[in-house]
Amino acid sequence: MIKLDAKNRTNSADMGYTEIKDPLNKVGNFLPEKTKIKAGNLNFYYGKTHTLKDINLNIYEKKVTAIIGPSGCGKSTFIRLLNRMNDFVADSRAEGEILIDENNIFGKTADPVEIRKRVGMVFQKPNPFPKSIFDNIAYGLEINGAKDRFYIEEKVVNSLKKSALFEEIRHRLRDNALGLSGGQQQRLCIARCIAIEPEIILFDEPCASLDPISTAKIEELILELKKDYTIVIVTHNMQQALRVSDYTAFFLMGELIEYNTTKKIFENPSDRRTEDYITGRFG
Ligand SMILES: Nc1ncnc2c1ncn2[C@@H]1O[C@H](COP(=O)(O)OP(=O)(O)OP(=O)(O)O)[C@@H](O)[C@H]1O
Ligand SMILES: [Mg+2]
């Protein structure tokens with residue numbers, strides 16, 4: 001039997017593809033996926049506390065990867081490293097590498113501002129600016145150098161359409177964004193994120209503060225967005241991981257315990273601890 005963990009992966013560096021052994025693949029072949037992000041021997045410390053321990057993980061292009069695990073296991077720390085948000089934490093240190101399209105984001109020539117444009121982020125609590133719906137999106141475009149009014153308007157409308165919000169609020173574009181419902185605010189934050197045209201979107205528990213209907217809308221949206229973007233989502237909701245993700249990584253106390261297709265993780269996990277977690281025996 002094939003042991004399914006992060007170490008059981010093979011690289012076809014020549015093709016830029018990484019393959020994952022998946023015994024559920026009936027033909028017995030490798031599933032070819034293009035690696036978008038590669039974490040290699042990644043360690044992270046808050047002061048002296050060793051928070052992420054030797055993480056090796058490939059995230060595939062235009063797929064949804066769910067990060068699951070109990071509170072405090074390092075999920076947010078991990079995804080914040082992917083766009084160098086942890087740069088802002090004093091007395092913290094990363095070791096190892098994170099490659100995006102084969103370039104090390106910790107490399108000497110890597111530009112954190114550029115990285116954050118390529119890797120957008122949506123947080124647990126919707127955080128629109130106290131500005132109009134229109135300006136919430138236009139602001140980011142202007143900061144990134146856009147000046148042409150027509151261009152900005154088109155971008156705002158397209159982003160709102162892509163985030164499935166436009167029809168609901170088309171007559172309220174000049175209203176304050178804080179007047180939107182929580183679910184609408186979250187879709188606005190997604191619109192704001194995609195207006196910048198990132199390649200990767202990180203979602204940190206994006207539905208944690210939402211009702212089931214808004215949650216369903218965000219999940220539908222994530223499935224739609226993966227046609228164009230590589231998506232990483234942290235979630236405490238196992239059903240959500242099952243519904244939206246192609247791959248699932250289970251973290252425990254800073255370690256990557258198991259990583260595989262979501263189907264494999266939920267139907268037949270290799271590690272007892274994964275099984276205990278997804279069946280609610282701990283965490
Ligand atoms: N800025 C910080 N300074 C020091 N320690 C931190 C900081 N941020 C997080 N930690 C600690 O690092 C560990 C991992 O935190 P992290 O937020 O990544 O966990 P998580 O898996 O996202 O948890 P949750 O599911 O509760 O959001 C925790 O023990 C946390 O207390
Ligand atoms: Mg977290």
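Colleague: Which residues in α6 meet which ones in α7?
Modeller: Gly182, Gly183, Gln186, Arg187 and Ile190 in α6 meet Ser214, Lys217, Ile218 and Leu221 in α7. Contact here is C-beta atoms, placed from the backbone, within 7 Å. This is a predicted model, where local features need pLDDT of at least 70, side-chain atom pairs count only at pLDDT 80 or more, and totals for chains, interfaces and linings use all residues. Residues are numbered from 1 along each chain as its sequence is written, and chains are lettered from A and ligands numbered from 1 in the order in which they are written.

Colleague: At what angle do α6 and α7 pack?
Modeller: Helix α6 (residues 182-195) and helix α7 (residues 212-225) pack at about 20°, with their axes 9 Å apart. So α6 is roughly parallel to α7, a label for angles under 35 degrees. The axes are lines fitted to C-alpha atoms over the stretch in contact, and angles run from 0 to 180 degrees between N-to-C directions. Helices are DSSP runs of H or I with at least four residues, strands are E runs of at least two, and both are numbered from the N terminus.

Colleague: Switching to the ligand. What surrounds ligand 1?
Modeller: Tyr46, Thr51, Gly69, Ser71, Gly72, Cys73, Gly74, Lys75, Ser76, Thr77 and Val89. The criterion is a C-beta atom, placed from the backbone, within 6 Å of the molecule.

Colleague: Which helix gives the most to that shell around ligand 1?
Modeller: Helix α1 (residues 75-81), with three residues. By class, the shell has three nonpolar, seven polar and one charged.

Colleague: Backbone next. What is phi of Asp54?
Modeller: Near 50°, a positive value in a residue other than glycine. Asp54 is in strand β4 (residues 49-60).

Colleague: Why does Asp54 count as partly exposed?
Modeller: Because Asp54 has 16 C-beta neighbours inside 10 Å. Buried takes 20 or more other C-beta atoms within 10 Å, exposed 12 or fewer, and partly exposed is in between, with C-beta atoms placed from the backbone.

Colleague: And where is Asp91?
Modeller: In the loop between α1 and β6 (92-100). Asp91 has phi near 55°, also positive in a residue other than glycine, and is exposed, with 8 other C-beta atoms within 10 Å.

Colleague: Which residues of α3 are buried?
Modeller: In helix α3 (residues 133-143), Ile133, Asn136, Ile137, Ala138, Gly140 and Leu141. Their cover includes α4 (149-162), α5 (166-169) and α6.

How values were computed: Nonpolar A, V, L, I, M, F, W, Y, C, P; charged D, E, K, R; others polar. Parallel < 35°, antiparallel > 145°, perpendicular 65-115°, else oblique. Contact = placed C-beta atoms within 7 Å.
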